[in-house]
Amino acid sequence: MSELIKKLRDAEPGPAVVTAEGWVRTRRDSKTVSFIEVNDGTCLKGLQVVADHEKFDSNLLNRIATGSSVVCKGILVPSQGGNQKVEMQAQSIEILGEAPESYPLQKKRHTLEYLREIAHLRPRTNTIGAVARVRSTMAYAVHRFFQENGFYYVNTPLITASDAEGAGQMFQVTTMDMANPPRLEDGSIDWSKDFFGKKTNLTVSGQLEGETYATALRNIYTFGPTFRAENSNTKRHLAEFWMIEPEMSFCNLDGDIDIAEAFLKYVFKYTLENCEEDMDFFSKFVQEGVKDTIAHVVNSPFARMTYTEAVKELEKAADKFDFKPYWGCDLQTEHERFLTEEVCKRPVAVTDYPREIKSFYMKLNDDGKTVKAVDILAPRLGEIIGGSERENRLDVLLARMNELGLKEKDYWWYLDLRRYGSVPHAGFGLGFERAVQYVTGMQNIRDVIPYPRAVGQADF
Ligand code: 4AD
Ligand code: MG
């Protein structure tokens, strides 16, 4: 019977012949036997296959090189070395695909920068393999949390004609020949001749369409790719990233934060419980103690403070920052990290930001100056979640859109939600890659998504 290596490694020794399939990580030869580590990616460590030189042709053994794919049959016996419970005493080994010496992943440490250049092979390394498994588990936990709590999964469009954040950082979608586009009489481009009959772009967020379903099904969430043409070459920004956006009707800002906190804790806990071996690896080799940090986050309440309180804290430490903080400024990563790492020493929800630095759809507070926004900041990263209670008053929303030059006709359907049965509602967006970064301790966001897209980078 052919089994996952994950299963075989935990199996009891016995007389039954079992089959292990996978890729060779290493081969080590002693005088009498060869030790072959076979890994199929179902877990971090491979199965040790022992080939007795008396039973195997040395020509065959010599062809079993790092990277080659093999099928090994044999019985499981208690392992002599202390590194594993069982090992396989091989009876037959078949090489499916050889890997010559040009195989780029020879057994030595490679830098993450180098691995990015061979992104098609890097999931075969310990680190990127572990990231892939943790990412998959976290995605499953996301769905579990929402499905268990009465949220419906909604798929919002990727191609859209609206700017959900009103920030204009969009990739345009067109089938027109840009060297020779159809033009109007005044010489400007005639977008009505484009594929969709109008100017379209890749979505920056599914929120606005999410709100339409939340005001029908009460609680919904999206989980899909989003695109931002941000020209920021950082360790936390991608041009294509996955976002989870729940939206809840009959919910205010406090309720929104409660759900965000419960959600993050659920996903973290589920991952700790189901990715033990990989989390131990990250804790030891990637970010020392990250497993304990995450366990601590699961068990302690998040801090909460208003933007105004946050700015007071920042002003007290103003000499620490390149960018001097003041009331009204957008918080920089250095500010966010200081708040969560130094002031609170745990994740913190910062609320009630000045309206000028936040999106048009956020509910205006009675002070007329701030909006019911929340950013959740996490140590090492800064912002991991952004959300708000939504402006559900038609007149206030229209006035705000007017100020910002957003056209009513472009958002007519969004405004209808305020015209017909408007309700208080709120939601937030979690950048999935930032969450994976946080849990794994990986420094660069480009290493937690299989094929990163960023400024100047769209390989594979
Ligand atoms: O704060 P943002 O822009 O909020 C929204 O898009 C809202 N529509 C969410 C909502 O209320 N439904 O983005 C949300 C999160 C950020 O906190 C961050 O974690 C992540 O998305 N994010 C990015 N992640 C990677 N690369 C980028 N360029 C990102 N931009 C935002
Ligand atoms: Mg934000």
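In what follows, Ala, Val, Leu, Ile, Met, Phe, Trp, Tyr, Cys and Pro count as nonpolar, Asp, Glu, Lys and Arg as charged, and the others, Gly among them, as polar. With that in hand, here is a walk through this predicted model.

**The chain as a whole**

You're looking at a chain with 13 helices and 17 strands. Its C-alpha trace spans about 85 × 55 × 45 Å along the principal axes. Of the 460 residues, 52% are buried. If you take the contacts with a separation of 6 or more, 66% of them come from residues 24 or more positions apart.

| Site | Volume | Lining by class |
|---|---|---|
| Largest pocket | about 1,400 Å³ | 14 nonpolar, 19 polar, 16 charged residues |
| Second largest pocket | about 1,200 Å³ | 18 nonpolar, 13 polar, 15 charged residues |
| Largest cavity | about 40 Å³ | three nonpolar, five polar, two charged residues |

The largest pocket is lined by 49 residues, and those nearest its centre are Arg25, Leu44, Lys107, Asn126 and Phe281. Elements that put two or more residues into this lining are α1 (5–10), β2 (17–29), β3 (33–39), α3 (112–117), α4 (126–148) and α7. Helix α7 contributes the largest share, six residues.

The second largest pocket has 46 lining residues, with Glu165, Arg228, Glu230, Lys358 and Glu383 closest to its centre. Here at least two residues each come from β12 (240–249), α10, β15, β16, α11 (394–404), β17 (425–431) and α13 (432–440). Strand β16 gives the most, five residues.

**The cavity**

How many cavities of 30 Å³ or more are there? The count comes to one. Its lining is made of Arg25, Asn39, Gly41, Cys43, Leu44, Pro123, Thr125, Asn126, Gly129 and Arg133. Helix α4 leads here, giving three residues to the lining. Arg25, Leu44 and Asn126 turn up in this cavity lining, and they are also among the residues nearest the centre of the largest pocket.

**Helix α7 and its neighbour**

Back to α7, which lines the largest pocket. The axes of α7 (residues 276–286) and α8 (residues 290–299) come within 7 Å and cross at roughly 115 degrees. On the α7 side the contact is made by Glu276, Met279, Asp280, Phe282 and Ser283, and on the α8 side by Val290, Lys291 and Asp292. Sorted by class, that contact has three nonpolar residues, one polar and four charged.

**Helix α10 and what follows it**

Helix α10 (residues 333–344) has 12 residues, and from first C-alpha to last it reaches 15 Å, close to the 16 Å expected at 1.5 Å a residue. Which residues of α10 are buried? They are His335, Glu336, Phe338, Leu339, Thr340 and Cys344. The elements covering these buried residues include β13 (303–306), α9 (307–316), β14 (348–354), β15 (370–378) and β16 (382–389).

Lys345 isn't a glycine, yet its phi is positive, about 60 degrees. Is this lysine buried or exposed? Lys345 counts as exposed, because its relative accessibility is 62% and the cut-off for exposed is over 50%.

Arg380 is another non-glycine with a positive phi, about 80 degrees. Its place is the loop between β15 and β16. At 22% relative accessibility, Arg380 counts as partly exposed, because buried means under 20% and exposed means over 50%.

Thr111 sits in the loop between β6 (86–97) and α3. With a relative accessible area of 47%, Thr111 is partly exposed, since exposed would take over 50%. Thr111 and Phe302 are 191 residues apart along the chain, and their C-alpha atoms are separated by 35 Å.

Key:
Residues are numbered from 1 along each chain as its sequence is written. Chains are lettered from A and ligands numbered from 1 in the order in which they are written. This is a predicted model: local features need pLDDT of at least 70, side-chain atom pairs count only at pLDDT 80 or more; totals for chains, interfaces and linings use all residues. Side-chain values use heavy atoms; hydrogens and water are left out. Axes are lines fitted to C-alpha atoms, for helices over the stretch in contact, and angles run from 0 to 180 degrees between N-to-C directions. Helices (H or I, at least four residues) and strands (E, at least two) are DSSP runs, numbered from the N terminus. Contact means heavy atoms within 4.5 Å. The expected span of a helix is 1.5 Å times one less than its number of residues. Buried means under 20% relative accessible area, exposed over 50%, partly exposed in between (1.4 Å probe, protein chains only). On a 1 Å grid over the protein atoms alone, a cavity is a set of points where a 1.4 Å probe fits but cannot get out, and a pocket is an open set with protein on both sides within 12 Å along at least five of seven lines; lining residues have an atom within 4 Å of a point. Grid points are joined across faces, edges and corners, and a volume is the space filled by probe spheres set on the points.
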